[in-house]
Amino acid sequence: MEKFIIEGGHPLHGEVTPAGNKNAALPLLAACLLTDEPIVLRNVPDILDVRTMRALLESLGVEINPLEPHTWRIQAKVIRPADLDPDLTRKIRASILLAGPMTARMGELRLPPPGGDVIGRRRVDTHILALTKLGAKVTYDRYFYFSANGLTGADILLDEASVTATENAIMACVTAKGQSIIRNAASEPHIQELCHFLNTLGAKIENIGSNTLHITGVEKLHGGEFTIGPDYLEVVSFIGAAAVTHGEIWIRNAGNQYLDMIRLVFGRLGVHWETSGDDIFVPSKQKLVIEPDLGNAIPEISVMPWPSFPTDLMSIALVVATQSKGTVLFHDWMYPSRMFFTDKLVGMGAQIVLCDPHRCIVQGPTELYGEKMESPDIRAGMALVLAALSAKGTSVIRHIGQIDRGYEKVDQKLAALGANIQRVVE
């Protein structure tokens, strides 16, 4: 077990480059199962979730060879629907992404239940709906068993705009016979990357970035090369870290094309940044005043499917709000446990009222004080790092393996920006 020891009160200065998008890397790695030809993936993030996905793929017979740091050569020349290690599948939610490509190519997969962050019930019904529409059979008896004798294109209406279900449906459709339409599809940046990646391998996906995807099945995909884009969640985490420490940083290769709605929401918290090409400059002088609604009403920040404000940034925005003047209501209707880390912020001195599992009110600014805490999940863990960076005194954050699942060497990146942060083995 490792922990972070963070002495707060040190403004961040310098420049940082985000790692590749975790939420793109995982489905792209799974999609490599669809072809027997070699694929070169660049900008692969070195994080725990990606290492777990690599182990799962290798257990299926996939050959993965690092060519240089963050660049992998992947070839699923001979694969087998082997029994997957339940200890691996329960480590990451993304293990469910093996269902689409394995059912499409091999016609079967026996999958132990997927794991991931404990932020509330995360149903798999939408995955099953999509795959059964294409002709797959799915049974469950402590394990999921997917089987098919070839898939046929279909008109699929997802019962929710699930990111991973959309990804599974896309991967299953690209080699299904005939035409497919996926309606109510999620359209997050990582889904767009998956579509562009598959098209480089010979897939025929149209309307990328929309909520209605048109896919013409092809007989076979070929190999290719692709560079994973920057992790916009990491980018915004560093923007938040600069704001709460009153620092001044440059973020290189930030993927500005995906930040419009996030910029709008953070602007309501009094945080702004400047762009220069694909780089971001976060100045030290921030307004940090919450912008009220018309009539001086308390504003609400609510998560919604892309291109609205993403649920994965709710925790970061909440910490920023503790350092902004005014009152704001946060509402995450997607996950009933997203707000359950706020007690740790209250323990540090934040003024937060937890209204119910989905909503909380934050009154700021308040001075935070160092505390001993545990990271409950990836995003809340990073939010606690931000709180510790802005706090007076020293904080200890345990269970940081949760943070390492989604952030590559975040302690080293923060230390290079002037943060007083140490990784210690307990």
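Two strands are said to pair if DSSP finds at least two bridges between them. Helices (H or I, at least four residues) and strands (E, at least two) are DSSP runs, numbered from the N terminus. The model is predicted, so that local features need pLDDT of at least 70 and side-chain atom pairs count only at pLDDT 80 or more, while totals for chains, interfaces and linings use all residues. Residues are numbered from 1 along each chain as its sequence is written, and side-chain values use heavy atoms, with hydrogens and water left out.

View 1. Three bridges join strand β17 (residues 300-302) to strand β18 (residues 326-331) in the parallel sense. In this pairing, Ser302 lies opposite His331 of β18. Between β17 and β18 the chain passes through helix α10 (residues 314-322), in a right-handed β-α-β crossover; right-handed means that, with the strands pointing away from the viewer, the path from the first strand over the helix to the second runs clockwise. β18 also pairs with strand β20 (residues 359-364), here in the antiparallel sense and over six bridges. Val328 stands opposite Val362 in β20.

**View 2. The open sheet β2-β14-β16-β15.** Four strands form this open sheet, in which the pairing is mixed. Its edge strands, β2 (13-16) and β15 (274-276), each pair on one side only. Neighbouring strands are turned against each other by 15° on average, direction ignored; axes are lines fitted to C-alpha atoms, for helices over the stretch in contact, and angles run from 0 to 180 degrees between N-to-C directions.

View 3. Strand β14 (residues 248-251) pairs with strand β16 (residues 279-282) in the antiparallel sense, over three bridges. Ile249 is opposite Val282 in β16. Helix α8 (residues 232-244) packs on the sheet, in contact (heavy atoms within 4.5 Å) with β2, β14 and β16, and its direction makes about 170° with that of β14.

**View 4. Helix α7.** The twelve residues of helix α7 (residues 189-200) reach 17 Å from the first C-alpha to the last, close to the expected 16 Å, a span defined as 1.5 Å times one less than the number of residues. Nine of the twelve are buried, that is, under 20% relative accessible area (1.4 Å probe, protein chains only). Among them are Pro189, Cys195 and Phe197. Just after α7, Gly202 takes a positive phi of about 110°.

Note on methods:
Buried means under 20% relative accessible area, exposed over 50%, partly exposed in between (1.4 Å probe, protein chains only).
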